[in-house]
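Dear colleague,

Please find the structure below. My notes on it follow directly after.

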Amino acid sequence: MSGKTLFDKVWERHLIDSNLDQPLLFIDLHLIHEVTSPQAFSLLKEQGRNVRRPDLTFATADHNVPTKNRDDIKDILAKKQVEFLVNSCHEHGITVYDLDHPDNGIVHIIGPELGLTTPGKTIVCGDSHTSTHGAFGSLAFGIGSSEITHVLATQTLPQNKPKTMNIHLIGSKPKGVSAKDIILKIIGEIGTNGGTGHIVEFTGQTIKEMSMDERMTICNMILEAGARSGMIAPDEVTFNYLKDKRFVPKGEDWDRAVDEWKQLHKDEDATYDQVVKIDISNLEPQVTWGTNPGQVISISENIPSPTSFNNDITRSTAKQALNYMNLNALTPIKDVSIDKAFIGSCTNSRLEDLELAAEIVKGHKVNENVTALVVPGSYHIKRKAEEKGLDQIFINAGFEWRDPGCSMCPGMNSDMAKPGERIASTSNRNFEGRQGKGARTHLVSPEMAAAAAIKGHFTDIREWHYNEWGEADATIS
Ligand SMILES: CC(C)[C@H](C(=O)O)[C@@H](O)C(=O)O
Ligand code: SF4
């Protein structure tokens, strides 16, 4: 028998019963938010059931919340959803990080920063980007409303066993290239269905060299390649990040936990259902040009012509995307101007993201044709960024500095783009209408969004950084 993958190890440790129609898993952590949980709480009530493990359930309000004038939720449904979440949590004894709570933030940001997300856990949330938590070596995936009810009532979940895929990243990240560029490249390579039915384990030098903030960006977006989730084996980087976080074990329990977490890696002779290898040593900053995250090019490239695609479907999707995006084939992406820049979302609103963007912004002004906002992923991040003076860098440049929330990512709150507006966005989805009806989204890294805000169009941060700042850096080509 061959060895075990990281996924196999976590799966097996949580398998309660494999003889049922669907294997039954124990769930260690259930995260909930205001958009998908109200229905689940209503169903629970209808069924006359209670929350089995309120101690393993944590809630936050993030999708619908205003990022300025915090308590003034204009939309009636949104207001009701937040109230329903808070009341349901109070009724069932669930910890809830309400709008003004100092621990409030986007669900996938606060789990890790509070130390709720730890290696080897099974983590679910009624939200597709739950894959983010897999960066810690947990098995974390999104679930639907009826599944939320099931987990609330039983702390278990029936789940078909997914297949496994290994994405092995070769090389070191070049200067000016971020985790966001890497994951966009991966999606571009394997396609938006490339990971369907699989849990992706990321390995390789590139991953080893990444911080937890970067690893979370990678796992967050693997979802957009159709994968069920992503996982990264925990290592010293993981343990250093988690040490002393509020909910992690302390003292001797911490040492014991770390010993156990060290077992969570693939055995040498383990095999995957699929293996993909990608060399990122020559990768350039990426920009999406279309209406799915796989429609992506390097900053030095031109927008592709639909005729360059090799089948009828990709040709017609490209044509449709160019039409919606109001772009002409063969235009250099650097010539495309933007109306808005958004630095935020569960993909790219952590402290390192804000630090990188601030480095670019420092001493510059937002272009007069652009409105730009920075939305930290949580109050913790907001406070830390303010301690470092990042807020002042952004505000002095003309960015708005907001309270935490999903903000412009989903078009579900008052932060929305107008029809026809073009946005350089650090979020994870560029679907038609995602950031507002008729809005045109280009997915980029925080540095690339910051540079576009200042220049008014997409810019190669490697050249710009070099020329304008005169910082002769031998690693910049
Ligand atoms: C609202 C929620 C169900 C949704 C998701 O599951 O992903 C949202 O977070 C998104 O990013 O589109
Ligand atoms: S920030 Fe965007 S992707 Fe993340 S949970 Fe919120 S809406 Fe979903």
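Leaving aside its neighbours within four places in sequence, C346 is in contact with I106, H108, I109, H129, T132, N220 and G377 (two residues are in contact if their C-beta atoms, placed from the backbone, lie within 7 Å). The model is a predicted one, in which local features need pLDDT of at least 70 and side-chain atom pairs count only at pLDDT 80 or more, while totals for chains, interfaces and linings use all residues. Residues are numbered from 1 along each chain as its sequence is written, and chains are lettered from A and ligands numbered from 1 in the order in which they are written.

C346 sits in the loop between β15 (340-343) and α12 (351-361); helices (H or I, at least four residues) and strands (E, at least two) are DSSP runs, numbered from the N terminus. C406 is found in the loop between β17 (400-401) and β18 (422-425). With its neighbours within four places in sequence again left out, C406 is in contact with D62, H63, I106, S345 and M412.

The unreviewed UniProt entry places a "binding site" at C346, C406 and C409; its positions are given in the numbering used here, feature names are shortened, and annotations may be inferred rather than shown by experiment. These residues span 64 residues in sequence, yet no two of their C-alpha atoms are more than 8.8 Å apart, so they gather at one spot.

Of the 13 residues around ligand 2, those that come nearest are S345, C346, C406, C409 and P410 (near: C-beta atom, placed from the backbone, within 6 Å of the molecule).

Yours sincerely
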